[in-house]
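Dear colleague,

I am passing on a structure that you have not worked with before, and I set out below what was found in it. Please look through the sequence and the model first, and then read on.

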Amino acid sequence: MKLDQRLERHPSDGGGRAWIERILKVVGKPGPLRVLDHARFEVIYEAGPLGIDVGGEVYFQVSPFWSWDLPQDRNPRARGYTTASTSAEGVVLEPVWVGNEILAIGIAGRRLEAGERIEIVYGAGPMGARIDRFSEREEHLFLSVDGNADGIRQFVAESPRFDIAAGPPGFANAVVPTTLEPGDPFEMLIAVLDYDGNAGVDFEGTAEIQVLEGIELPSRVDFTASDAGSKRIEGIAREPGVYRFQVEVHGAEKELTARSNPMVVEAGIQPIRWGDVHGHSNLSDGTGTPEDYFTYAKDYAGLDFAALTDHDHWGMQFLDGSPELWKRIKAAVAATNRPGIFTTLLGYEWTSWLHGHRHVLYFEADGEIYSSADDRYENPRQLWDALEGQAAMTFAHHSAGGPVSTNWAYPPDPVLEPLTEIVSVHGVSEAYDAPGVIHNPMRGNFVRDVLKVGYRFGFIGSGDSHDGHPGLAYVANEGAAGLAAVFTDNLDRASLQEAMRARRTYATNGARTYIEVSIDGVPMGGTLPPWKEGDPETQTLEIRIIGEGAIKTLDIIRSGAISTSELGNVLQWKAEREIPRLRRGEFHYIRVLEQTGATVWSSPIYAD
Ligand SMILES: [Zn+2]
Ligand SMILES: [Zn+2]
């Protein structure tokens, strides 16, 4: 990768331009191009002023991410069959499938001169080519050119783009605030999405909301086409209590039901905000634009805060070498940040394949990319040195395995890395005994293993969504995802930074379960003085859980030892226990498993 960065590119590399002449739907309902349609794409490439030498190549590539048919030149009857032709007399085209999603079209016979064209038909056979299952604006077909036949290629300046619309309504989401005080006004978000959680469905219909005593809320709301499947309704929480709303959506092909998260109405309750601070757009290896990412987080997932963290040096385009992409991300973050309502953070993913991945968040409008591919920032310590003194934070993720595990030999910077991501679409990195453990796990490299050696973290979950669905990554990812709960009175960058630094967080695999944990009044994330001579032998552990649904088990993890209790599928559970006083270096946290698979982890309480 580093070698590729240093390669000299000939001025003819990446020359010319390309556009889509026509998209013909082969399989699918009439109307715009939709997810999983089969289509034929007629693409024109026109050589630039320097042309292409004999032995040079034009590369045609579809998004490598998420189930596009591969362009192939072998079987005309199979999907993805791709042809290349030219009217330039004497030019012979030699398409070769070079693996993955790339078709290389070799230039032979004579040079392709300036202005001469090649027509590429992707999906030329009777079955066309099947496009992916995630809707987005600005999907690309990528073309790159090796103009001087030295084997080094470059993307053409503007790859052709097109939009993919969502499928039919198949999923409904209802979100209310987790915490309110009696008398507080609130909003309920109702979102109608397609079967894979894509936004932008064609939907006109009605949502019926279950009427609950103690809550003022309309009992029905109409969706028009201009709502694009997202609607907010206003209510007032009159009486203390715990409320879960059932919402029935009528008007789609099938009836949809959503069950809201629990809403806890209680005087003096500490507000919880929900966020997803790790995900990708089509600027690196994900789906959809940065702007749509934040819109989805707010208007479909109902998050309170979000960060987009595209890769520094990974994916189709590299952020570290594209100031215009970084500028675009900053603009999208600035345009969607609305303190008090929805807070957005600037970020990127430091994508080291040696030391593991870390996403970097900035709590200010501006920030730099310290790239893992840059010699100056290639290990975590160098990254922290570069970030020192800034309103920034780093998060190790998929630390126990997945695509690459974390090199824990670098002790996390106590100021810049107070939290760690323990769950995402990749699975769970908390401990080997956790449900939904990460793929390719490395024993001994789990977060609990490094807590035992004295590292100190609060926990968060993140989507690490690549499908453009921050906050709802579980819909299309076999239930795996992550969310971060943060205890903070105010919803703005400075308050989030303060709460995260203080580890007032907990992690879930996508659920919005409410939990409270304290020992002798010190809440999760906090630090207790360790036991010393003359102290009482016990201290008081308090736990309160309000499930999204039925709560199955509670694991109490104390410095590596687990004790499990069956909670009997209750919706709420509360207990106060005397436990032996924590000794120096001990940590204590809980893990809650619901019947649906929803899993929640408190941040540990430490005795240091
Ligand atoms: Zn990663
Ligand atoms: Zn990531």
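How far apart do the C-alpha centres of domain 2 and domain 3 lie? The distance between these two centres is 28 Å, and please keep in mind that the model is a predicted one.

To place these parts along the protein chain, the division runs from domain 1 (2-164) through domain 2 (169-269) and domain 3 (273-510) to domain 4 (513-608).

Helix H2 (residues 290-299) and helix H3 (residues 323-336) have axes that come within 9 Å of each other and cross at roughly 30 degrees. Because angles under 35 degrees count as roughly parallel, H2 is roughly parallel to H3. The crossing of H2 and H3 is, in its handedness, right-handed.

In this contact, H2 takes part through Pro 290, Glu 291 and Phe 294, while H3 contributes Arg 328, Ile 329, Ala 332 and Thr 336. Sorted by class, the residues in the contact of H2 with H3 are four nonpolar, one polar and two charged.

Definitions and conventions
Residues numbered from 1 in each chain as written. Chains lettered and ligands numbered in written order. Predicted model: local features only at pLDDT ≥ 70, side-chain atom pairs only at ≥ 80, totals over all residues. Domains from an automatic or database assignment. Axes fitted to C-alpha atoms, helices over the stretch in contact; angles between N-to-C directions. Helix = DSSP H or I, 4+ residues; strand = E, 2+ residues; numbered from the N terminus. Parallel < 35°, antiparallel > 145°, perpendicular 65-115°, else oblique. Left-handed = near helix turned anticlockwise from the far one by under 90°. Contact = placed C-beta atoms within 7 Å. Nonpolar A, V, L, I, M, F, W, Y, C, P; charged D, E, K, R; others polar.
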